[in-house]
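Dear colleague,

Please read them with the model open beside you.

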Amino acid sequence: MGQPPAPARISASWMRSETYGAPTEAVSPAFTGTVDDGSLFARCGSEVLAGLHEALPGEPISLMLTDAEGVVVSRLCDERALLDALDDTYLAPGFAFGEREVGTTGLGLALADRVPSLVRGDEHYCAGLWGYTCAAAPVLDPVDHNLLGSINLTTWSQRSSGLLLALARTAAGQTSALMLAHGRGAASRPAPRGEVFRIAPQAPALAADGLSAGWRQALDEVAAALRDGARVGIVGEPGAGKSALLAAALRVARPRHRVLHARPPAAADAVDWLSLWAPELGKPDTAVIAGRVHELPAPVATRLAGLVRALPPTALSMTAGSAGAVPEALGRLLDVVVEVPALRHRSADVLPLARHFARPGTTFTDDAVRALRGHPWPGNVEQLRRVVRDACARSTVVDRRHLPAELLTGRSAALTRIEALERDELVRCLNGHGMSVTRAAEELGISRATAYRRVQRYGITLPDRAR
């Protein structure tokens, strides 16, 4: 991605989007399936948008209502080409389009800043949205002024956007006023939250030839099994990359397939969750990854097994913590089970993955590379992603001082709160400020000998300048 556009609010949104890990090329929002279209807010907003829609006959503008988290509640549009394009980018009812999911957009910015916002063309963080201009205004409860959602107007980026923001602002105000008239300002009924499924990216997250032999072997094994028509299960530690490997293998074996990733919610919501995405099973050119099936209640797992038993094996793949943890009803359906090695067993993958997770143009100093490679990564790839994204939010040249303290120590045992604070202060002085051990000891009010003992006790790796 290039540099963020100049306006301060959009630049700030781009920086937040980088921190959130929002997609930069193609959107992959979560489908929640929990649209609350019966609340006072939804009813009044839909009434206002219907009136605005009638006043704009034939205009290539999509009128949308979203909730406070950016989930699209309703959409009105007459132009088929625009509707088809919006469907292709999943800007449709039930999909979450907040700043955390897709980066900078008009609706995401309006919700984040709580002020009317206009985002044109390449001001969008994700290049997949550069073809649109989006104007949105937040809708506030007329009594307690809590954020309820937004009115969003989207059109093609090449069209004039002069009136869009004014229309969105007016519609938002009318919605609040209508709520006050109809319901004395009653707050909207909260919709149940939770991701139903996520659209996997259209391309593999990282080229297989850039990763270790262990990863390539697992990828080849899974892709071959899928090509042979086998139903596949992937097992491994949390965060090891099970779903990423499955999605990449499906792209190799079934390049034209749409890949959906469904992860279970709380046990109490599992039945409703399954009902929401089960219609996707068996659709042409669609493959579903059921993630973490070991968390499914037994009755839900049995019901899922019954749904897929008569379908082609490639219609559903699964991930779980271990082969033994797969519910019995689903385990009987698996033809092939492949284990993804933990990241500590794939040290050669650390640097390629770190560079993949980093924003374009980021470099890593030799000290940072040594720290990244030397860490055991108990949280696996997901932990690495968080660490790199956080470091990149601080600098485009990542050094030791941009990494968390636990990466710069060799002690794996749990620390007390006081020990952790002491360790972090030493790391801050030695790595964050480039002090020598002697200078760090003076800064912390301890003797030089004590500082060296603490360095040894916590396994802190000293940069050359600190020795």
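This is a predicted model: local features need pLDDT of at least 70, side-chain atom pairs count only at pLDDT 80 or more; totals for chains, interfaces and linings use all residues.

The largest cavity holds about 80 Å³ of space, where a cavity is a set of points, on a 1 Å grid over the protein atoms alone, at which a 1.4 Å probe fits but cannot get out, and where a volume is the space filled by probe spheres set on the points, grid points being joined across faces, edges and corners. Its lining, meaning residues with an atom within 4 Å of a point, consists of Leu 91, Phe 97, Thr 105, Leu 107, His 124, Leu 129, Tyr 132, Cys 134 and Thr 154. By class this lining has six nonpolar, three polar and no charged residues, with Ala, Val, Leu, Ile, Met, Phe, Trp, Tyr, Cys and Pro taken as nonpolar, Asp, Glu, Lys and Arg as charged, and the others, Gly among them, as polar.

Residues are numbered from 1 along each chain as its sequence is written, and side-chain values use heavy atoms, with hydrogens and water left out.

Turning to the helices, which are DSSP runs (H or I, at least four residues) numbered from the N terminus, α12 (residues 350-357) packs against α14 (residues 380-392) at an angle of about 50 degrees, with the axes 9 Å apart. The axes are lines fitted to C-alpha atoms over the stretch in contact, and angles run from 0 to 180 degrees between N-to-C directions. That makes α12 oblique to α14, since angles under 35 degrees count as roughly parallel, over 145 as roughly antiparallel, 65 to 115 as roughly perpendicular and the rest as oblique. In contact terms (heavy atoms within 4.5 Å), Val 350, Leu 353, Ala 354 and Phe 357 of α12 meet Val 381, Leu 384, Arg 385, Val 388 and Arg 389 of α14. These residues divide into seven nonpolar, no polar and two charged.

Helix α1 (residues 8-20) and helix α5 (residues 106-113) pack at an angle of about 95 degrees, with their axes 11 Å apart, which makes α1 roughly perpendicular to α5.

Best regards

Notes
Helices (H or I, at least four residues) and strands (E, at least two) are DSSP runs, numbered from the N terminus. On a 1 Å grid over the protein atoms alone, a cavity is a set of points where a 1.4 Å probe fits but cannot get out, and a pocket is an open set with protein on both sides within 12 Å along at least five of seven lines; lining residues have an atom within 4 Å of a point.
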